[in-house]
Structures are given as structure tokens and as C-alpha cells.
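Please examine the structure shown below, with its sequence beside it. The paragraphs that follow lead through it step by step.

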Amino acid sequence: MTNDIAHTELIAVLIAVTGEQPRVMTVRQGHALPSGPFEMEHRSLQAGLRAWIQSETAHPVGYLEQLYTFADRDRHPEGERIISISYLGLVRENDAAVDQAGWRGWYDYLPWEDHRQGIPEITDHLSNALRDWAHSAATAELTKLRLRRIAFAFGLDGERWNEDLTLQRYELLYEAGLVPEAGRDAGESGRRMFADHRRILATAIGRLRAKIKYRPVVFELMPESFSLLQLQRTVEALAGLRLHKQNFRRVIEQQNLVEETGETDSETGGRPAKLFRFRYSIVEERALSERPIAGSKLPISRD
């Protein structure tokens, strides 16, 4: 018998980039995101979320934005009705001070999303399984529709890979029963998470990948000073793609987002690299002129 009373759960996707790897804060030995119920004593949704982050991870958090709200009955154990209100947080990685909390690479959960070294091996397995699912449809028309969705989501059959479609890809795999959260023996398809937490992580990745193209949120993840190569590698880690070096630097220069610190980094092993910092004044300047911080696509190299 199912419980018809809906409960509200606050869920945090805290993202950091460390050593050129995008990382997500997890609890329960990597099986869940920091979360907890919205309670009467919480002054607001965000205040409640911050309280749960502190309780479950003790990790400092600054930037937070509401991500999405899910309320699907079939995504929770025993058909519980849970309203999941998720938030995206951008931080710089510190060690979690609470047992069972720790950082994990987000590509451990969604390995088909990292195209920095080319198409991941797992993609062949998943695309073949998805095609089998498509051909199992009850009608030829439904098979055709499924095949179009697969091609569009995974960049197959002449379609181009769109890094922003992270959630759509996960949802397609869920619908086809190719992830363990769907309640089937899904085989090798990335590390599973509790309830709809991996779906929420996919939502956060897609949001962040889209957002870094027109807002300077990537600087929330950077140290106070950094080289342009470090900045590029951070963006690549988030996008899961390699970028064209000259085009990337041209975009940064055109947007006037950074300024030199006058210092260099000699730890690269080669020629000392100039260090830069984010021009926080640019946010106010652009706000006053009502111009976006950046308005062009990332300079993605597909060579």
C-alpha cells in the first residue's frame, strides 16, 4: 500500500573541479546527494537546504541556485510520493568533515558524458542496447520515433553530439531500462544512486553546461588566481569536450572577463604561465548596460 502524503525533500548538487575532474559531493558512501526534508523550523527552502548541507557534509557553500522540482511517484522506493526540490551549488573542494560524505567524479555516474578523449567505449554498448529497445516497440512508427530520439540524444546517424542534453540521455536510458534505477538488471551503466538522485545530477550537469556559455559561473569554481590553461581545462572538464585553444582565449579576451595579476606560475614544467583573476567589476558593468556576460557558444574543437 502506498503512502499518498507528499513529502518535500531538499537536494543539493554541490559541484567542484579538482585536478581537471568535475566532482560532486555525495553521502552514504557515494550513493546519494546531500538532502533532507523541508521542515517547519526552516525559514525558507534555501535556508533548509543549507542546514542539511551543513549537517550532512559540513562543507562551506556560497553560490546556490534552484535547479528543478521532480515529483514522480515511480522514482522512489515503495512508490512514495516525494517532491524533490533540487539546487545547484558551485564550490571549491574541501575535505568533508562528516563520515559517509565525500567527493566523487561525476563521470563515475554518467560515464558516457565525457568526450574529452573521444567517444567513450560504453557508448557503443548503450547505443546498441537502445537500438534493440527501439526495435522491440509495438509498432513500426514507434520504432522509428525511438530511433530518432536515440540519434538526437547521443549524436548518432549524422546527428551532432550536444553536450547540454545530459538529462535527456539519462531519461532515455531510464525509459529503456538500461540504468539500475529503472528496477532492472541494467548491466554496466555507471554508478547508481538512491531514488532519483542520479537524474538530479544529470539535470545539474546539463544546466551547468548550458550556463557556462553565457554567464561567468565557471569562476565560482576557480582559485583566486589561475592560468588561462587552467581555466580552459576547467571548462573542458565541465563540458566533457576539448576546446580549441586559440578560439577559447580569443573569447576570453573579447569578453574582457579576466585581468593579469602580474604573477606567473612556474610549476607547469615549461615556460612560466601568466596568472589571471576574474574581473568582478565586469558583472556590474554588464548589468548596467543590460548586456550578457557572454553570448557565443564555447569554441569547441571537433577535430
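**A guided reading of the chain**

N256 is found in the loop between helix 7 (245-255) and strand 7 (258-265). This residue belongs to a predicted model, and the backbone at N256 has a positive phi of about 55°, although N256 is not a glycine. Most residues other than glycine have a negative phi. N256 counts as partly exposed because its relative accessibility is 37%, between the limits of 20% and 50%.

E20 lies in the loop between strand 1 (7-18) and strand 2 (21-26). The phi of E20 is near 65°, again a positive value in a residue other than glycine. With a relative accessible area of 39%, E20 is partly exposed.

The chain as a whole may now be considered. Its secondary structure comes to eight helices and eight strands. The chain has 303 residues, of which 49% count as buried. Among contacts between residues at least 6 apart in sequence, 64% join residues at least 24 apart.

Which residues of helix 2 are buried? They are I122, T123, L126, S127, A129, L130, W133 and A134. These residues cover an arc of only 165° around the axis, and therefore they lie on the same side of helix 2. On the other side of helix 2, the residues E121, D124, D132 and H135 are exposed. The cover over the buried residues of helix 2 includes helix 3 (140-154) and helix 4 (166-175).

Helix 3 can be followed next. It has 15 residues and reaches 21 Å from its first C-alpha to its last, close to the 21 Å expected at 1.5 Å a residue. The buried residues of helix 3 are T143, R146, I150, A151, A153 and F154. Helix 2 and helix 4 are among the elements that cover them. Just after helix 3 comes G155, which takes a positive phi of about 65°.

How do helix 3 and helix 4 meet, and at what angle do their axes cross? The two axes come within 9 Å and cross at roughly 145°. The crossing in which helix 3 passes helix 4 is left-handed. In this contact, R149, I150, A153 and F154 of helix 3 meet R169, L172, L173 and E175 of helix 4. By class, the contact has five nonpolar, no polar and three charged residues.

Is L208 buried or exposed? Its relative accessibility is 1%, and because buried means under 20%, L208 counts as buried. Leaving aside neighbours within four places in sequence, L208 is in contact with I15, L88, L90, W106, V217 and L238. L208 and V218 are 10 residues apart along the chain, and their C-alpha atoms are separated by 8.8 Å.

Note on methods
Residues numbered from 1 in each chain as written. Predicted model: local features only at pLDDT ≥ 70, side-chain atom pairs only at ≥ 80, totals over all residues. Heavy atoms only, no water. Buried < 20%, exposed > 50% of the residue type's maximum accessible area, 1.4 Å probe, protein only. Helix = DSSP H or I, 4+ residues; strand = E, 2+ residues; numbered from the N terminus. Arc of directions from axis to C-beta. Contact = heavy atoms within 4.5 Å. Axes fitted to C-alpha atoms, helices over the stretch in contact; angles between N-to-C directions. Left-handed = near helix turned anticlockwise from the far one by under 90°. Nonpolar A, V, L, I, M, F, W, Y, C, P; charged D, E, K, R; others polar. Expected span 1.5 Å × (residues − 1).
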